[in-house]
Amino acid sequence: MAVFEHKYKPYTGELTPVWSRFMVLPRYAYQEIFKSKLFLALFISSFVYPLASMLIVYLHHNETALQMLRLPIADVIPINLDFFYYFVVVQNTFGFFITMLIGPILVAQDVNNNGLALYLCRPFSRLEYILGKMTTLFLLLSLITWIPGIMLIMLQGYLEGAGWLINNIRILWATILGSILWVFVLVLISQAISAWIKWRIAATGALIAIFFIPNAIAAIIQEIFETKWGYILSTRSIMRTILADLFAHPTRIEIPVWSAWIAILFICAFCFLLLFNKVKAYEIVQ
Amino acid sequence: MQPIIDLDNLSVKLGKREILKNLQVGLNGRAIGLLGPNGAGKTTLIHTLLGFYPPSQGTARIFGQDIRTAPKKIRSLIGYMPERDSFIAEMSCVHFVRMMGELSGLPSDIALERAHEALFFVGLGEARYRSIETYSLGMKQLAKLAQAIVHGPKLLILDEPTNGLDPPTRQRMLKLIREIRDTNQVHILLSSHLLRDVEECCEEILILKEGQVAVYCDLEAERKANRKFLELETQGNNLVFAQAAAQLGCEYALVGERRVKLILQNEVEVSDLYRIALENQIQIRRLNFKRDSLEDIFLKAME
């Protein structure tokens, strides 16, 4: 089937490993995603805070620079649990904005164009499709959340000495767990929305609503019934509770941490079921 | 010989409706036409072969692989051109076909090479860098064919490939299908409600009616069979004439008020027909020997 021959010829060569094929989806998705200037601007700006944090860590360990700048940086911004907590919060917020931008279209554009049948008529399962789509977002969000988080901790550990990392191992796993959990929740919720809501603006609106409206409802419940259990409805509050617990950070939301973990696992399972139910080659009309 | 597609008591239920009912047939041809009126279960059968719908009873085997136990293996052998408009948004055609090749297991560089080749083969070479969203309906059909053949499947399933095409594009599509068939490297399952498309491309036909096998036959063998088909145009009561012919042992079908189709038995001569026409005071205005067309086979199956 050479171009000049214009003839059909079967393929008898080597095939790629089956397990690696889900990575085809992110590769092609990135080609389209990085064409967007808005995304690119947001993506680049999400590295500003990690770079600034690394600069702060560097300045903490550079007496000469501190003397030259005459900045009491060690007093103003101490490198402790809170420093890394706010780092995770800021980067997770950027993660939310990036998800708002690209999450709603990932599955929706295949559903809208009847593209799912084209994927699933190949040796490519529904799970692999979902994994591929989730990986697209997961890798992007990882680049701005837990990966720079680890780099920041490693830099601090390197400059402070190996003992610091051992003494503050909680910071390492709190950063990794807090970021990955948030990324995972964002990916699952946005992909479930993307599968069910075809219109991009409506899907983005739904994503924002899911993260903000339950907070208002919880506040109303608290006012009326004088209970904080309403916050169990809010993904944002649940995540804040978990993150605060991981970093031993005080929080005004007082739902038990165990209930927050159960709620987040329930949300993840529910979103996955929604997504899995919708990713089909064809809808069966009963 | 092992059938290419072996339907073994296959039944499929969608919700509470039984769409396919106990299909039992082995398909062997290089190009198999899948025919049937709307709602007969053609597309459901294709989707079941692709593993989109689970069988409620029985099973099917493609190249000996069971659709229940080896759906991925089967799909690696199949190229599928869906009936509906299907593509990946915001992607040039060459990228789309390349991606489909990669998802089928082709290495990236080979997928790109074969995507170019497939697009030149179907006649979209000059338009391959355009986004599919800008394509006309005919071009989209050709792009769907390109993605179905890019990985060099052993079985090509085409669901209504000429749907909505203008006559020149339809002819082009049929020519491509025949070219693919004539390579002898791939089997084709062509689903269509257009009898001429199937007649032009297929050697075997499977006709479904209400989810059951109505006819499965070798079209070539049917054509070559030594059966005498006659088409007559008459003036007078053609039902009386047809019934008189039936008494001679002929099978008949009335086509409108003036036309009768007959299958002559060996012992019946044309002169016998003139005799019974005279006896019943009917004029035979025209008499043509006619091969058993696919249309006849189809209409008989639908009776």
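1. A residue is termed buried if 20 or more other C-beta atoms lie within 10 Å of its own, exposed if 12 or fewer do, and partly exposed in between, with C-beta atoms placed from the backbone. The model is a predicted one, in which local features need pLDDT of at least 70 and side-chain atom pairs count only at pLDDT 80 or more, while totals for chains, interfaces and linings use all residues. Residues are numbered from 1 along each chain as its sequence is written, and chains are lettered from A and ligands numbered from 1 in the order in which they are written.

2. Most residues other than glycine have a negative phi. Glu210(B) counts as partly exposed because it has 14 C-beta neighbours inside 10 Å. Glu226(A), also not a glycine, has a positive phi of about 55° and is found in the loop between α13 (200-225) and α14 (235-246) of chain A. With 7 other C-beta atoms within 10 Å, Glu226(A) is exposed.

3. Chain A contains 15 helices and zero strands, where helices (H or I, at least four residues) and strands (E, at least two) are DSSP runs numbered from the N terminus. Its C-alpha trace spans about 75 × 55 × 35 Å along the principal axes. Of the 286 residues in chain A, 38% are buried. Among contacts in chain A with a separation of 6 or more, 73% join residues 24 or more positions apart; a contact requires C-beta atoms, placed from the backbone, to lie within 7 Å.

4. The helices α13(A) and α14(A) pack at an angle of about 85°, with axes 7 Å apart; axes are lines fitted to C-alpha atoms, for helices over the stretch in contact, and angles run from 0 to 180 degrees between N-to-C directions. The pair is therefore roughly perpendicular, a class that covers 65 to 115 degrees (under 35 is roughly parallel, over 145 roughly antiparallel, and the rest oblique). Residues of α13(A) in this contact include Phe211(A) and Pro214(A), and those of α14(A) include Arg236(A).

5. At the interface, 34 residues of chain A are in contact with 43 residues of chain B. On the chain A side, α1 (24-33), α7 (108-112) and α8 (116-120) each supply at least two residues, and α8(A) gives the most, with four.

6. Which residues have the most contacts inside the largest nonpolar core? They are Phe96(B), Val97(B), Leu119(B), Ala146(B) and Leu190(B), in a core of 146 residues. Such a core is a set of buried Ala, Val, Leu, Ile, Met, Phe, Trp, Tyr and Cys residues joined through C-beta atoms within 7 Å. Helix α12 (residues 169-196) of chain A supplies the largest share of this core, 12 residues. A second, separate core of 12 residues includes Ala242(B), Val260(B), Leu262(B) and Ala277(B).

7. In helix α9 (residues 238-247) of chain B, Asn238(B), Phe241(B), Ala242(B) and Ala245(B) are buried. Seen down the axis of α9(B), these residues fall within an arc of 100°, so they line one face of the helix; the arc is that of the directions from the helix axis to the C-beta atoms. They pack against β11 (228-235), β12 (251-255), β13 (259-264) and α10 (270-279) of chain B. The face turned away from the buried side carries the exposed residues Ala246(B) and Gln247(B).

Note on methods
Contact = placed C-beta atoms within 7 Å.
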